[in-house]
Amino acid sequence: MNILSKIVIPLFIIIVVFYGFKKKVNIYDSFLEGAKEGLIITFNIFPSIIAMVFAINIFLDSNFINAFLTFFQKIFHFINIPMEIMPMALLRPISGTASLAIMNDIFIKYGPDSYLGRLASVLQGCTDTTVYVLALYFSSIGIKKTRYALGVGLFADLVGITVAFLITSLLF
Amino acid sequence: MVNYIWFFLIIIGIIYSFLTGNLDVINDSILTNGTKALELILSILPIIVLWTGIMRIAEDSGLLKKFANLVEPFLKILFPDIPKGNKALGFIASNIAANMLGLGSAATPFGLKAMQELQNINEKKDTASRPMITFLVLNTAGVTIVPTTVLALRLAHGSTNPSEIIMPGVIATFCSSLAGLLLDYFIRKKGK
């Protein structure tokens, strides 16, 4: 599996370049054209990245999440969800770096092969940073009204996180 | 919606640090935030530029169109509103494929291009279209088969079997994608 993911990118580039060359496309000029467009895309998403990083970091640094979770500690204990994993589950939809950092802490403290380590691994892999991706993709093309997108995205995350809990308890 | 999230993240963060007397932390955070954002931009900029360049070659040579036609029968079910042979299908498929293989960095430029193509066929330019939302649900539910970062980190921490989490991950990701797509489908049906 690991080798497969290493082969994909070089193989993909070879196919694209070779096919373009064969079809007598001026591949170098095409690349430059596309790259220029990439610069414009990055330029367009710059403000929304600044905005999101700003808000997310204020939220994370205030440590509100931990206080919030302490409040619900008894309930989580009652339904048998380990407390250590909750900050990660809550942060996963808003920040990939934050949840990755928590997973790293869990690996150091409990080891990657512990129940918590496996649970964290499944959680990290099974959803994406929904809030961030939505903000980025929509703002890149100037969409203001996102309608039901966030609701559906977060619902999917909730299902994914729940299944991750269930399946890790069942399998390991 | 992003409007509300932005508001709540900032308000909760600042008010909570007022209440807990963590003013130093929040000041630090605000002042160093810009650098973090710039670092993020600088780390994705070369990747986006490189991949939009490569994809332009695929576009100009007709390869992308071929790919779009190939995946059209599958994607047509999920995206009935995208016209036949539209380039968006090719970008959507590339984005999903890159996500599946855990190539998150390559997936983003494809995703941004897909959104651009979808915007071209969007009637109300400031409002998210149905295919856009379906695409984002599929994208954020994250159909990851090979979570490269997680595997690398597990290995680095001395896991005896780093890849044992792949199967449970695939099942969880499948359930979340399916749930998202079903909910999206019912909302679309109801809206018609």
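**Figure 1. The surroundings of B:Thr127 in the predicted model.** B:Thr127 counts as partly exposed because 13 C-beta neighbours lie inside 10 Å, a number that falls between the limit of 12 or fewer for an exposed residue and that of 20 or more for a buried one. In this predicted model, B:Thr127 is found in the loop between helix H5 (104-120) and H6 of chain B. When its neighbours within four places in sequence are left aside, B:Thr127 is in contact with A:Ile143, A:Lys145 and A:Arg147. B:Ile57, by comparison, lies 70 residues from B:Thr127 in sequence and 31 Å from it in space, taken from C-alpha to C-alpha.

**Figure 2. The crossing of helix H8 of chain A with helix H6 of chain B.** The axes of H8(A), residues 130-140, and H6(B), residues 130-140, come within 10 Å and cross at roughly 145 degrees, and the crossing is right-handed. On the side of H8(A), the residues that meet the partner helix are A:Thr130, A:Val133, A:Leu134 and A:Tyr137, while H6(B) contributes B:Leu136, B:Asn139 and B:Thr140. Sorted by class, this contact comprises four nonpolar and three polar residues, with no charged residues.

**Figure 3. The side of chain A that touches chain B.** Across the two chains, 83 residues of chain A are in contact with 85 residues of chain B. The elements of chain A that give two or more residues to this side are helix H1 (2-22), helix H2 (27-61), helix H6 (96-110), helix H7 (115-126), H8 and helix H9 (149-171). H2(A) gives the most, with 24 residues. By class, the side of chain A that touches chain B has 50 nonpolar, 22 polar and eleven charged residues.

**Figure 4. The fold of chain A.** The secondary structure of chain A consists of nine helices and zero strands. The C-alpha atoms of chain A fill a box of roughly 65 × 40 × 30 Å along the principal axes, and chain A has a radius of gyration of 21 Å, whereas a compact globule of 172 residues would have one near 16 Å. Of the 172 residues in chain A, 47% are buried. Among the contacts in chain A between residues at least 6 apart in sequence, 61% join residues at least 24 apart.

**Figure 5. The two assigned domains of chain B.** The domain assignment of chain B gives domain 1 (1-50) and domain 2 (62-191). The centres of domain 1 and domain 2 of chain B, taken over C-alpha atoms, are separated by 27 Å.

Technical notes
Residues numbered from 1 in each chain as written. Chains lettered and ligands numbered in written order. Predicted model: local features only at pLDDT ≥ 70, side-chain atom pairs only at ≥ 80, totals over all residues. Axes fitted to C-alpha atoms, helices over the stretch in contact; angles between N-to-C directions. Helix = DSSP H or I, 4+ residues; strand = E, 2+ residues; numbered from the N terminus. Left-handed = near helix turned anticlockwise from the far one by under 90°. Contact = placed C-beta atoms within 7 Å. Nonpolar A, V, L, I, M, F, W, Y, C, P; charged D, E, K, R; others polar. Domains from an automatic or database assignment. Rg over C-alpha atoms; globule rule 2.2 N^0.38 Å.
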